Amino acid sequence: MTTFLKEWTMDPFDIVWKNLFDVNSNYNTFQQKINYPVDIYETEKGLCFELAVVGLDKEDIEIQVESDTLRITYEGRNDSEQIYIAKGIARRSFDLAWKIASKYNLSKLEASMDKGLLIIDIPYAESKSPKKIEIKINNKSLLKG
């Protein structure tokens with residue numbers, strides 16, 4: 001019996017084309033996304049960032065605020081002279097930036113480190129902070145008579 005389908009194999013061009021869009025590929029040229037452990041959440045006081053910075057000192061990390069952008073950077077150490085038996089701790093450089101909404105006051109940002117976490121608190125802007133409005137009862141309109 002004759003078959004019309006050949007066994008499909010990828011030629012070198014197909015492999016390059018596939019890897020060009022594969023974010024897990026070593027040959028990805030479009031997007032080199034580095035995932036860095038960070039949690040961002042909103043509290044009743046404002047916005048909170050928590051970054052895992054285990055093994056780093058506060059002098060190693062740079063925090064910059066420019067206009068409405070928060071940038072956190074760390075230039076990793078060059079440890080190419082080390083001969084590792086096992087290497088599981090990621091000490092890679094990072095350059096992270098976020099555009100912060102105007103409802104937060106970046107000029108009052110506070111940063112601290114606790115148990116390997118860099119904690120950045122950004123309070124609400126005074127005029128933009130949520131306010132609880134109390135409903136008043138107008139007694140005059142209730143009392144007729």
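Start by selecting residues 61-66 and residues 69-74: these are strand 3 and strand 4, which run antiparallel and are joined by six bridges. The model you have open is a predicted one.

Now pick out one pair in this part of the sheet. Select Glu62, then look across to strand 4, where its bridge partner is Thr73.

Next, go to the turn of the hairpin. Strand 3 and strand 4 have two residues between them, and Ser67 takes a positive phi near 60° in this hairpin.

Move on to the other pairing of strand 4. Six bridges also join strand 4 to strand 5, and these two strands run antiparallel. To see one of the pairs, select Leu70 and find Trp98, its bridge partner in strand 5.

Follow the chain out of strand 5 (94-99). Asn105 lies in the loop that leads from there to strand 6 (110-114). Is Asn105 buried or exposed? Its relative accessible area is 17%, and the cut-off for buried is under 20%, so Asn105 counts as buried. Show what surrounds this residue: beyond the neighbours within four places in sequence, Asn105 is in contact with Ile122, Pro123, Tyr124 and Ala125.

With a relative accessible area of 74%, Glu44 is exposed, whereas Asn105 is buried. The tour ends here.

Technical notes:
Residues numbered from 1 in each chain as written. Predicted model: local features only at pLDDT ≥ 70, side-chain atom pairs only at ≥ 80, totals over all residues. Heavy atoms only, no water. Helix = DSSP H or I, 4+ residues; strand = E, 2+ residues; numbered from the N terminus. Buried < 20%, exposed > 50% of the residue type's maximum accessible area, 1.4 Å probe, protein only. Contact = heavy atoms within 4.5 Å. Pairing = 2+ DSSP bridges.
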